Amino acid sequence: MTMQSSVLRLADVHVHYGKFHAVHGVTIQARSGEITSIIGANGAGKSSTLKAIIGQAGTVSGSIRLGSEELAGRTTREVIRKGIALVPEGRWLFPTLSVEENLSIGTQVGRPGGPTMSEIFDWFPVLGERRSQAARELSGGQQQMVAIGRALLTNPKFLLCDEISLGLAPIVVNQLYELFPRICERGIGVVVVEQDIARSLAVASRFYCFLEGRVTLTGDPNSVSRESVVKHYFGSRA
């Protein structure tokens, strides 16, 4: 099962939190069925960009379009209904609700169709085994699986993943990243925000490097030298 091809485009996007200017005129695009990586150090504006897309940032200006639809200025619920889902940094599960109850929130707030609960349990068998357990009783990796599953159950056209590897064991991170190609096979575009340069670029079709709220480098990971990526990541242009 695949979805009609679509493009998520941001043009000259700025994000302010009061007087703080977090994102400065960012222009990026992501395509359905592909993995787009956004890399950068802590505080580079990566998470604020994802929050701007989903309608959870401060004051946002510029254009955020999904196909022909303008998303800027819409509520988070409206953005989700249009086909954007966010796996937030920190997961933001309801700790006292069961695994299945947390997952079902995705079906309640999202679009009809898409992956089913049984498919999520096929992708993450441990969640099927623990479907009745409270989310707070799970490991960090298992909680991250719930957060990803919940987002997929909204039937997104684009899945935004914000620092999903943070604080997790490498073997768990590998399991999560191995799922991305399967998600893309469904025609879903994946946008991955990471501080881990190597891991993020290894799976991406295109990347954007952020520094101090601006895009400093973009391209195909296979056509840009690692030296150039590191220089732009840390701000050295020498």
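Predicted model: local features only at pLDDT ≥ 70, side-chain atom pairs only at ≥ 80, totals over all residues.
Five of the five residues of β7 are buried, so the strand is largely enclosed by the rest of the structure. Buried here means under 20% relative accessible area, and this holds on both faces of the strand: Phe158, Leu160 and Asp162 lie on one side, with Leu159 and Cys161 on the other.

What surrounds β7 within the sheet? Six strands form an open sheet with mixed pairing, and their order is β6-β7-β8-β3-β9-β10. The edges belong to β6 (84-87) and β10 (214-219); each has a single partner strand, so one side of each is left without a neighbour in the sheet. On average, neighbouring strands here are turned by 20 degrees against each other, direction ignored.

Let's look at the two strands that flank β7. Strands of a sheet pair through backbone hydrogen bonds, either parallel or antiparallel. On one flank, β6 and β7 run parallel and are joined by four bridges, with Val87 standing opposite Cys161 of β7. On the other flank, β7 (residues 158-162) pairs with β8 (residues 189-194), again in the parallel sense, over five bridges. Two places to look along that pairing are Leu159, which stands opposite Val190 in β8, and Asp162, whose bridge partner in β8 is Val193.

Helix α6 (residues 140-152) touches β6 and β7, and its direction makes about 175 degrees with that of β6. Helix α7 (residues 170-185) touches β3 (35-39), β7 and β8, and its direction makes about 155 degrees with that of β8.

Now turn to the nonpolar side chains. Which residues have the most contacts inside the largest nonpolar core? They are Phe124, Leu159 and Phe180, in a core of 37 residues. The elements giving two or more residues to this core are β6, α3 (99-109), α4 (117-123), α6, β7, α7 and β8. Helix α7 gives the most, with eight residues. To explore around Phe124, look for Met145, Ile148, Gly149, Leu176 and Leu179, which Phe124 touches when residues up to four places away in sequence are not counted. Apart from this core lies another one, of 29 residues, including Val13, Ala52, Ile54 and Leu66.

Finally, follow the chain to helix α9 (residues 226-234). Which of its residues are buried? Ser228, Val229, His232 and Tyr233 are. These four cover an arc of only 130 degrees around the axis, which puts them on the same side of α9. The buried residues of α9 pack against β3, α8 (197-203), β9 (206-211) and β10. Glu227 and Phe234, by contrast, are exposed, on the face of α9 turned away from its buried side. After α9 comes Gly235, with a positive phi near 95 degrees.

Note on methods. Residues numbered from 1 in each chain as written. Heavy atoms only, no water. Pairing = 2+ DSSP bridges. Axes fitted to C-alpha atoms, helices over the stretch in contact; angles between N-to-C directions. Contact = heavy atoms within 4.5 Å. Buried < 20%, exposed > 50% of the residue type's maximum accessible area, 1.4 Å probe, protein only. Core = buried A, V, L, I, M, F, W, Y, C linked by side-chain atoms within 4.5 Å. Arc of directions from axis to C-beta.
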